[in-house]
Number of protein chains: 2
Amino acid sequence: MGMTDTRARIGEAELLDIAGPGSVISGADLREREPGYFMDGIRADLLVRPSTTEQVAAILSLCNARQQPVVVHGGVSGWVRATQTRPGEIILSMERMNAIERIDGENRSAIVQAGVILQNFQETVEKQGLCFPLDLGGRGSCQLGGNASTNAGGMRVLRYGMMREQVLGLEVVLADGRIVSSMNSMLKNNTGYDLKQLFIGSEGTLGVITRLVLRLREMPVSCNTAIVAVQTMSAVASLLRKVDAGLGGQLSAFELIDSDFFGVNTSEGRLRSPFAKRSPYYVIIESQGADSTRDANIFESVLAEAMETGLVSDAIIAASEQQRADIWAIRETLEHVVSDFTPFYAFDVSLTVGEMEAYMKRVRADLAQTFPDGKIAFLGHVGDGNLHIAIGAGGPDDRHAVEECVYRPLGAIGGSVSAEHGIGLEKKPWLPISRNAEELAVMRQLKDLFDPQRILNPGKVLTINAR
Amino acid sequence: MGMTDTRARIGEAELLDIAGPGSVISGADLREREPGYFMDGIRADLLVRPSTTEQVAAILSLCNARQQPVVVHGGVSGWVRATQTRPGEIILSMERMNAIERIDGENRSAIVQAGVILQNFQETVEKQGLCFPLDLGGRGSCQLGGNASTNAGGMRVLRYGMMREQVLGLEVVLADGRIVSSMNSMLKNNTGYDLKQLFIGSEGTLGVITRLVLRLREMPVSCNTAIVAVQTMSAVASLLRKVDAGLGGQLSAFELIDSDFFGVNTSEGRLRSPFAKRSPYYVIIESQGADSTRDANIFESVLAEAMETGLVSDAIIAASEQQRADIWAIRETLEHVVSDFTPFYAFDVSLTVGEMEAYMKRVRADLAQTFPDGKIAFLGHVGDGNLHIAIGAGGPDDRHAVEECVYRPLGAIGGSVSAEHGIGLEKKPWLPISRNAEELAVMRQLKDLFDPQRILNPGKVLTINAR
């Protein structure tokens with residue numbers, strides 16, 4: 001479909017015919033829906049809400065025959081505008097496919113439809129004494145299908161891995177309407193190519209995920225949390241190894257906060273700092289285990305050792321759920337940084353732990369040179385090599401110049417312009433920093449193979465040249 | 001290349017020209033090489049040993065232009081004849097690409113060439129206080145590239161995952177000689193399609209892995225091992241959940257041994273049974289942690305609880321390294337079962353834990369009906385849903401009838417005909433039990449995309465129809 005062709009090639013009646021009464025939203029009702037973060041409104045002509053995999057297949061089959069572009073919507077809580085729509089497109093919303101079909105406690109797995117909201121699933125699983133460990137800020141709105149199509153990360157990756165590691169099986173509808181069901185429930189299954197991997201993290205450009213088999217874990221009993229002050233990034237790296245070894249499999253979070261971010265959240269009238277004086281870096285350390293008393297003793301002794309060896313200059317261990325919440329608030333409160341840093345830019349990159357100190361210094365220097373009044377602060381899932389960067393600099397038109405400061409230095413050190421947020425539209429111009437020409441060529445070959453009519457989430461992730 | 005065309009289309013001189021003096025083996029020298037398990041000898045015309053990725057690329061480029069079939073050889077220690085060769089084929093052996101290029105302790109990752117032998121890598125990493133957790137019987141001969149191309153499993157999957165979970169990045173040469181380098185070193189990198197997943201587990205049919213970036217872990221300090229007697233499979237399943245929850249992240253092995261296998265290894269004059277009387281099932285439980293005294297206490301208290309609640313009827317905890325070795329010998333000694341069960345057949349399947357009891361009963365019954373004198377025993381990585389089955393039944397021509405008994409019942413319960421061994425030639429006829437027509441069609445599309453000349457490991461995993 002050319003850019004000038006701005007009317008959907010499929011009518012409301014045809015979609016209603018497939019998905020039933022009440023399944024289609026259009027006009028003012030469509031404009032009023034939540035478009036998602038950083039979106040230029042909802043521009044699509046129609047939204048259809050199928051209730052079954054067969055309806056998804058019928059819709060895609062029709063769209064493919066008509067070369068009708070389709071954008072799949074889950075919870076639209078992504079950060080890179082991967083769900084932005086344009087005039088002439090239709091939205092395939094998964095919101096009605098929201099059944100938790102089965103929880104198998106013995107096998108520690110669950111079968112869900114793609115539209116189940118993460119938090120609903122977490123809570124249902126917990127009632128059975130099990131745990132679904134993926135956890136992120138958008139838990140109340142994001143959907144499991146979207147978590148898979150974006151390979152979501154979050155707070156527990158260090159211990160349990162990304163969404164990719166939680167997915168045992170998938171059912172996918174291909175662009176031409178073929179239903180490919182790979183609903184494997186086992187941890188091991190070496191029978192040919194692992195097809196599900198193609199659809200995890202491809203942001204809706206290769207197929208539509210309709211159902212998932214997810215791995216569940218035992219519910220942890222104990223939770224120990226501390227915030228510690230650290231003087232150098234090299235001590236942060238040594239501390240990570242020390243606590244990971246010392247906690248022997250129980251380390252579940254290792255979150256960096258730099259002095260600037262800490263300062264924003266603990267300035268006068270905001271959150272209370274638990275420390276008497278400021279340090280260059282802070283780390284929140286959390287362990288999850290199976291025995292409250294025992295694990296608290298282990299946690300304390302590992303931290304005591306870290307203080308004795310000088311890796312940590314000060315440490316506060318949470319003695320109550322309230323103190324735990326207070327510690328996490330210093331990391332998770334974003335309102336102050338958003339109001340202090342204007343215009344506010346947020347970044348998500350990854351690099352090896354050993355490169356972090358030099359990279360942070362370089363970004364600070366480049367930013368100071370371009371924007372002498374610019375503000376910058378770093379947060380990070382350091383255990384995963386993941387840094388989040390908050391910047392307030394320049395004016396509304398300076399996004400590209402700010403991005404230059406953040407992304408450009410990643411090329412030489414093999415860093416990634418997107419640790420967990422994905423590419424969408426937002427990071428597409430910067431993709432070549434993290435992926436070379438050969439990788440991009442293979443990605444385009446895969447896109448051509450799975451979506452030759454180019455109907456699935458067109459323009460996202462990759463630029464495909466006109467034929 | 002047709003089946004009647006039985007001479008390689010590339011000459012020794014051409015290969016020497018690319019890979020240098022001493023790089024080519026042919027004739028009697030080639031016939032004398034170790035062909036691997038269950039192989040019909042080495043039938044290929046030539047073997048070439050490149051030393052660099054660029055040589056691999058030049059060789060494949062030439063083979064692709066001439067439609068010359070190529071079979072990649074790692075340690076040839078697979079069990080499904082994925083490395084069998086035929087007349088007219090050439091072997092690309094990775095044995096000279098055996099450098100450990102870098103170990104990054106701070107980032108806990110390593111860069112290796114594909115021909116590095118697993119055990120050499122494990123030992124090198126351990127000298128730096130780190131651990132590469134993949135471990136399997138073939139450790140002394142198998143190569144890391146082969147571990148990736150077969151997605152190897154083994155003894156520690158429950159805790160650390162399969163080889164797929166250890167691979168952060170890959171360099172691959174495609175059939176047409178293109179080098180695709182995705183040497184990512186980070187745990188998180190959501191920048192477009194995760195291409196490496198296509199080459200992991202595809203048994204050399206989509207590309208040749210030349211280099212890998214591998215994830216390393218902290219070296220565990222403590223190791224606690226026990227063998228317990230259990231009366232029912234349902235108690236085995238409950239026990240798995242109980243010890244996994246109770247050990248809070250430290251459980252690293254949970255290995256089932258059934259009464260028959262136990263009996264074979266502990267009969268008069270063989271290994272000593274640690275128990276006074278026989279039980280229907282035994283489980284070896286092992287935990288790895290960070291503190292010897294503390295972890296031993298935890299391990300004992302979790303087992304004591306399992307005995308109090310009746311899940312376990314008897315338990316022996318290893319009090320020395322020798323006792324630990326004695327316990328594992330009951331699981332790992334295969335010579336007695338191979339000599340008692342003739343002809344000897346070994347299988348590797350997976351299914352959900354909840355289905356195991358009924359499946360084991362069904363296979364026993366089917367086998368008894370076809371082969372009244374047949375012998376059967378079960379072993380399993382139960383924590384991974386993986387059963388290994390040893391059968392001694394019928395004569396040398398009864399393989400298919402024995403396979404029927406093992407594989408046929410898996411279809412109805414969504415089981416897998418290969419948990420960790422792969423498909424190769426051995427399991428190709430049974431692949432449709434675990435993969436549906438739509439999945440097989442997509443696999444064929446991928447094979448066509450990556451290897452249109454069909455030169456890579458032809459005839460393995462998938463049957464591709466003649467054009």
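**View 1. Domains 1 and 3 of chain A in the predicted model.** The centres of domain 1 and domain 3 of chain A, taken over C-alpha atoms, are separated by 44 Å in this predicted model. Chain A is divided into domain 1 (12-96), domain 2 (100-218), domain 3 (222-332) and domain 4 (335-437), with bounds that come from an automatic or database domain assignment.

**View 2. The axis relating chains A and B.** Chain A is superposed on chain B by a rotation of 180° with 0.0 Å of shift along the axis (RMSD 0.0 Å), the superposition being by least squares on the C-alpha atoms of residues with pLDDT of at least 70 in both copies. This is the relation of a two-fold axis, and in chain A the C-alpha nearest that axis belongs to A:Gly249, at 2.6 Å. Both copies use the same surface, since 100% of the contact residues of chain A recur in chain B, where contact means heavy atoms within 4.5 Å.

View 3. B:Ser350 belongs to strand E16 (residues 344-350) of chain B, strands being DSSP runs (E, at least two residues) numbered from the N terminus. With a relative accessible area of 0%, B:Ser350 is buried (under 20% relative accessible area, 1.4 Å probe, protein chains only). A polar atom of the side chain of B:Ser350 lies 2.7 Å from the backbone oxygen of A:Lys188. Leaving aside neighbours within four places in sequence, the residues in contact with B:Ser350 include A:Met186, A:Lys188, B:Gly385 and B:Asn386.

**Conventions.** Residues are numbered from 1 along each chain as its sequence is written, and chains are lettered from A and ligands numbered from 1 in the order in which they are written. Local features need pLDDT of at least 70 and side-chain atom pairs count only at pLDDT 80 or more, whereas totals for chains, interfaces and linings use all residues, and side-chain values use heavy atoms, with hydrogens and water left out.

Key:
Helix = DSSP H or I, 4+ residues; strand = E, 2+ residues; numbered from the N terminus. Buried < 20%, exposed > 50% of the residue type's maximum accessible area, 1.4 Å probe, protein only. Polar contact = N/O pair within 3.5 Å; in protein donor to acceptor, adjacent residues only side chain to side chain.
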